[in-house]
Amino acid sequence: MSLFTNLLNLHSGNKPREDFFTEIVAYFLSLNKDILIDWLKHHSIISDNNYSSIKISTQQEHQALASHPEDSRLDIVVELSNGLSTDVIFIESKICSTEVPGQLKKYAEILSNLPNVRHRILIYITRDYDPKDERKKYCLDLLPKVNFLQLRWYQFYSFLKERASDILAQEILIFMRKNGMSHTNQFSSVDLLTIVNFNKTLNLMESTLSEEVQREFKLAFGGVIKGTASMTQWRWSSRYIIYTKFSGDNFWCGLGYFNLNPDNFTEYPYLGICLEVSPHFVERPKIIESMHKVINDQPNIWTPENLTILPDWSAIFYRKSLQEFLSQENQLSAIKDFFLKSINELKNIQPDFNFPWKGVSIETVTEVDKEKDPDTSPPSITQL
C-alpha cells in the first residue's frame with residue numbers, strides 16, 4: 001500500500017480521492033517546474049519555456065459571472081509569465097466522477113473573461129473515457145477564444161514514469177496504479193482474452209451465486225441486493241457479490257468474488273463472505289469488539305481487515321483463494337458449496353453480535369442510480 005493511500009485512509013466516510021490527488025500532483029509540479037514545462041510542451045500546450053515566473057494554485061475560487069448560478073472553484077490553475085505577457089491554464093481533474101453539467105462551459109467563460117492574458121487553455125483530464133468534443137468547439141467560439149484540450153491520466157502516468165527519479169514521484173505512480181489511472185489506450189493480449197471470455201466468466205460467476213445461494217443468503221440475513229448491483233460492484237469496487245445492508249451504508253455483509261483487479265498476475269481473486277462496518281457508525285465499538293472475539297475464537301477460519309486502524313472500514317472475512325478450487329473436477333459445484341458454507345459460518349457467529357441482523361430486501365439497484373451516486377453501494381477497504 002502506498003504512502004498516499006495510507007494518508008487517504010485517515011479520512012472517515014467518503015474519501016476525497018480527487019481533491020487529494022489534485023493536491024499531490026500540484027505540489028509535485030510546484031517542486032518540479034521543469035517536469036511541468038516538459039509535460040505541457042509534450043502535449044503542445046505551450047511552445048516555449050521562456051517563462052520567468054510559474055505559479056501553481058489549487059482550489060482557486062472565481063466569482064460567478066452574470067450568467068452563472070454560483071461561484072466556481074478550479075482544481076488547478078497554472079499561471080506562466082515571461083515578464084511581458086501571461087498564459088493561464090485551468091486544469092479540471094476527474095478520477096471517479098464525470099463533469100457536472102455545464103461545469104467546463106463555466107470554466108471556459110471565466111477564462112475568456114480574464115484580463116491581460118495572452119493564451120487561455122482549459123485542460124480536462126480524466127481517468128475514464130469521457131469525450132467532450134462539443135466543448136472544444138464552444139471554447140473556440142468564445143472571444144477571446146479558449147483552447148480546450150482533453151487528456152487522460154494514463155498519459156500523465158506514462159510521462160511521469162519516464163522521469164520518476166525521486167521517492168515522491170514513485171509514490172505518485174503507486175497511487176495511480178492503485179486507483180486505475182495507469183491503464184494505457186491500447187488493447188493488450190490479456191485485454192483481448194478478457195473481451196472474448198467476458199460473458200463466459202460472468203455466466204460462471206452468476207451460476208455460483210444462483211437462486212439456491214441467494215435464497216439461503218436472504219433467509220439468513222433478511223435481504224439481498226441483486227440484479228445490476230452486482231455489475232456496479234464489479235465496476236466500482238472490483239468485486240462481484242450479492243449483499244445486504246443492516247444499517248444503511250454503515251454495516252453490511254457481502255457474498256461472492258473479491259479482488260477481481262489484483263495488482264499483478266500472480267495474485268488470485270478470493271471468494272467467500274465478509275462482514276464490514278463503517279468508521280463512523282455509532283454501534284461500531286460493539287461490533288469491533290465482537291469481531292475481535294470471532295477472530296480470537298476462530299483465527300484459522302476468519303480473517304481480519306483493519307480492526308485496529310481508525311478511521312477506516314473494518315471487516316472480517318471467511319474466504320479462500322480462487323486458486324484452491326482450480327484443481328476440482330467440478331469447480332462450479334465446489335464453489336457453490338463453499339458459498340453455502342460461508343453463509344452458515346456467518347450465521348454461526350451471529351450470536352456474538354448484539355445487533356439486529358435482518359437486512360432490507362432490495363431486488364434491484366439500477367446502473368442509472370449508481371452513475372448518479374457511485375457511493376450508493378457499501379464502500380470497502382478492498383477499493384484501495
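Of the 384 residues in the protein, 48% are buried. The model is predicted. Its secondary structure comes to 13 helices and 10 strands. Contacts between residues at least 6 apart in sequence were also examined; 65% of these join residues at least 24 apart.

Helix 11 spans residues 284-297. This helix has 14 residues and reaches 20 Å from its first C-alpha to its last. That reach is close to the 20 Å expected at 1.5 Å a residue. Its buried residues are Arg284, Ile287, Ile288, Ser290, Met291, Val294 and Ile295. The face turned away from the buried side carries the exposed residues Pro285, Glu289 and Asn296.

The axes of helix 9 (residues 211-221) and helix 12 (residues 331-348) come within 10 Å. They cross at roughly 5 degrees. Angles under 35 degrees count as roughly parallel, so helix 9 is roughly parallel to helix 12. Helix 9 contributes Glu212, Val213, Glu216, Phe217, Ala220 and Phe221 to the contact. Helix 12 contributes Lys336, Phe339, Leu340, Ile343, Leu346 and Lys347. By class, the contact between helix 9 and helix 12 has 8 nonpolar residues and 4 charged residues, with no polar ones.

How values were computed:
Residues numbered from 1 in each chain as written. Predicted model: local features only at pLDDT ≥ 70, side-chain atom pairs only at ≥ 80, totals over all residues. Heavy atoms only, no water. Axes fitted to C-alpha atoms, helices over the stretch in contact; angles between N-to-C directions. Helix = DSSP H or I, 4+ residues; strand = E, 2+ residues; numbered from the N terminus. Parallel < 35°, antiparallel > 145°, perpendicular 65-115°, else oblique. Contact = heavy atoms within 4.5 Å. Nonpolar A, V, L, I, M, F, W, Y, C, P; charged D, E, K, R; others polar. Expected span 1.5 Å × (residues − 1). Buried < 20%, exposed > 50% of the residue type's maximum accessible area, 1.4 Å probe, protein only.
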